[in-house]
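Work through the following exercises on side-chain contacts. Each task is followed by a solution in steps.

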Amino acid sequence: MLFPHTASRRLAFRPASTRHHSELVRTMLRTGIESVSPSARGEGRDLSKCDAAFVVTARGSGDVLGFSTLHGLNPAGHVKSGVYLDPRRARLGVGSEAIYLTINYAFAMFDVDKVIAQTTEATFGSVGLTPDSSQATAVLREHLYFRGRHWDLHTFELGRAEWERHVDGALGGVLGPGLSWRRAPAGPAPAPLRPRPAA
C-alpha cells in the first residue's frame, strides 16, 4: 500500500483552490507545459475541475514554486498529471521531486492503473531529460507553438506496477531519512482508494 505523501525533503504541497487560477495560468505560460494548444485549453487549468490540485512550496521558506494537478480521472483507470513550476523559482532537482510526489499521490489516492503526463522539450532540463534520453510513449511533432517556435509534445505514461518497483528502489531518499513511500510519517493509515467514476 502507498501513502499519499504531500511533502518531500525540499517540497510541501498545499491544497490549491480557484483563487490560485490566475497564478497557475501565468506559471503554465512560463513553463511550456500544456501551454497554448487550443484543444487543451482549460482541461488542466480549471482548478475546480481537477481531481487533486496543489500549490507547490519550498519546505523551508514556504515560497510558492508552482502547481501540481491530477485531472481527467476516467473509468479506464487513467489520470493525467501536470506539474507546473516557475523556472525562475524552482531549483535543480525540485521538478523531479514534485513529479514523484504527484505520481505517488495519484496511485495512493485513486484506483488507477496509469498516470499520464505531457510536456515539451522546454521543460526537459528541469527534470533531467534530453530529447535523446526521453522515454516518451508518443511524440506529436511540432504540436505546440510557444516562445516563437513549434515544439514537440511528448506523452509519458507510468503504470502502477512500475511505480511500485520505483518506490522500493532508487526513490527512497526523496522523502527524507527514515521515511517510506508506503507509510505515514507518523499517525494514521492512509485513506482508502477513491473508486473510479461510473461509466
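Relative accessible area sorts residues into buried (under 20%), exposed (over 50%) and partly exposed in between, with a 1.4 Å probe and protein chains only. The model is predicted, so local features need pLDDT of at least 70 and side-chain atom pairs count only at pLDDT 80 or more, while totals for chains, interfaces and linings use all residues. Residues are numbered from 1 along each chain as its sequence is written, and side-chain values use heavy atoms, leaving out hydrogens and water.

**Exercise 1.** Describe the salt bridge between K114 and E157.

Step 1. A salt bridge is a side-chain nitrogen of Lys or Arg within 4 Å of a carboxyl oxygen of Asp or Glu. For K114 and E157 the closest N and O atoms are 3.3 Å apart.

Step 2. K114 belongs to strand β5 (residues 114-119) and E157 to strand β7 (residues 149-159), so this pair links distant parts of the chain, 43 residues apart. Helices (H or I, at least four residues) and strands (E, at least two) are DSSP runs, numbered from the N terminus.

Step 3. K114 is partly exposed because its relative accessibility is 25%. E157, at 36%, is also partly exposed.

**Exercise 2.** Classify the aromatic pairs F54–Y105 and Y100–W163.

Step 1. Rings of Phe, Tyr and Trp (its six-membered ring) pair if their centres lie within 6.5 Å; planes under 30 degrees apart count as stacked, over 60 as edge-to-face and the rest as tilted. The whole structure holds 4 aromatic pairs.

Step 2. F54 and Y105 are edge-to-face, at 5.0 Å centre to centre and 80 degrees between the planes. F54 lies in strand β2 (residues 52-58) and Y105 in helix α2, so parts 51 residues apart in sequence are tied together. Both F54 and Y105 are buried.

Step 3. Y100 and W163 are tilted, because their planes stand at 40 degrees, with ring centres 6.3 Å apart. This pair ties helix α2, which holds Y100, to helix α3, which holds W163.

Step 4. F13, F54 and Y105 form one aromatic cluster.
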